[in-house]
Amino acid sequence: MKVSDLEGKVIGLYFSANWYPPCRNFTPVLVDMYEQLKTNGSNFEIVYVSSDEDLNAFNNYHALMPWLAIPFSDLEAKKALNRNLISKVFLA
């Protein structure tokens with residue numbers, strides 16, 4: 001999917017990792033909510049931002065999610081999103 005395909009949608013960034021139990025517990029809840037929203041025609045999209053330890057862990061965890069993800073190999077995008085989030089939350 002191209003970034004331009006997300007234009008006009010409400011985007012939720014899901015910072016998560018397979019190794020963190022609260023994330024593992026929350027993911028199925030979020031999947032259910034996401035599927036309900038999509039069924040109801042919502043203009044909402046989620047993008048997974050991984051903190052997984054390796055590509056295999058990323059692939060296995062992301063397979064549980066019906067939404068998009070920043071590619072595991074795109075470390076610069078993940079770092080930029082983390083930096084921007086931290087600066088917005090803690091410096092605002």
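**Ser-16**

I started with Ser-16, which lies in strand S1. I'm working from a predicted model here. Buried or exposed, I wondered about Ser-16? Ser-16 comes out buried, because its relative accessible area is 3% and the cut-off for buried is under 20%. Its side chain is joined to that of Tyr-61 by a polar contact of 2.9 Å. Skipping residues up to four places away in sequence, I listed what Ser-16 touches: Cys-23, Thr-27, Tyr-48, Val-49, Ser-50, Ser-51 and Tyr-61.

**The rest of S1**

Next I stepped back along the strand to Leu-13, also found in S1. Leu-13 has a relative accessible area of 42%, so I noted it as partly exposed. With neighbours within four places in sequence left aside, Leu-13 is in contact with Val-47, Val-49 and Leu-81. I also checked Leu-13 against Leu-68: they sit 55 residues apart in sequence, and their C-alpha atoms are 9.8 Å apart in space.

Then I went through bridge partners. Tyr-14 has Tyr-48 of S2 opposite it, and Phe-15 is bridged to Val-49, again in S2.

For S1 and S2 (residues 44–50), I found 7 bridges in the parallel sense.

**Glu-45**

Glu-45 counts as buried, because its relative accessibility is 5% and buried means under 20%. What does the side chain of Glu-45 make polar contacts with? I found one with the side chain of Tyr-34 at 2.7 Å, and one of 3.3 Å with the side chain of Lys-38. Leaving out residues up to four places away in sequence, Glu-45 touches Leu-6, Lys-9, Val-10, Ile-11, Gly-12, Tyr-34, Lys-38, Trp-67 and Leu-68.

**Whole chain**

I zoomed out last. I count 3 helices and 3 strands in the protein, and along the sequence they read β-α-β-α-β-α. Of its 92 residues, 28% count as buried. Taking contacts with a separation of 6 or more, 56% come from residues 24 or more positions apart.

**Confidence**

How far do I trust the coordinates? The mean pLDDT of the protein is 88, and 89% of the residues reach 70 or more. Which element has the lowest mean pLDDT? That is helix H3 (residues 75–90) at 73, while H2 has the highest at 97. Where pLDDT is low, predicted coordinates should not be read in detail. I'll keep that in mind for H3, given its mean of 73.

Terms used. Residues are numbered from 1 along each chain as its sequence is written. This is a predicted model: local features need pLDDT of at least 70, side-chain atom pairs count only at pLDDT 80 or more; totals for chains, interfaces and linings use all residues. Side-chain values use heavy atoms; hydrogens and water are left out. Two strands pair if DSSP finds at least two bridges between them. Helices (H or I, at least four residues) and strands (E, at least two) are DSSP runs, numbered from the N terminus. Buried means under 20% relative accessible area, exposed over 50%, partly exposed in between (1.4 Å probe, protein chains only). Contact means heavy atoms within 4.5 Å. pLDDT is the predictor's confidence in each residue, from 0 to 100. A polar contact is a pair of N or O atoms within 3.5 Å; within protein, one must be able to donate a hydrogen and the other to accept it, and residues adjacent in sequence count only if both atoms are side-chain atoms.
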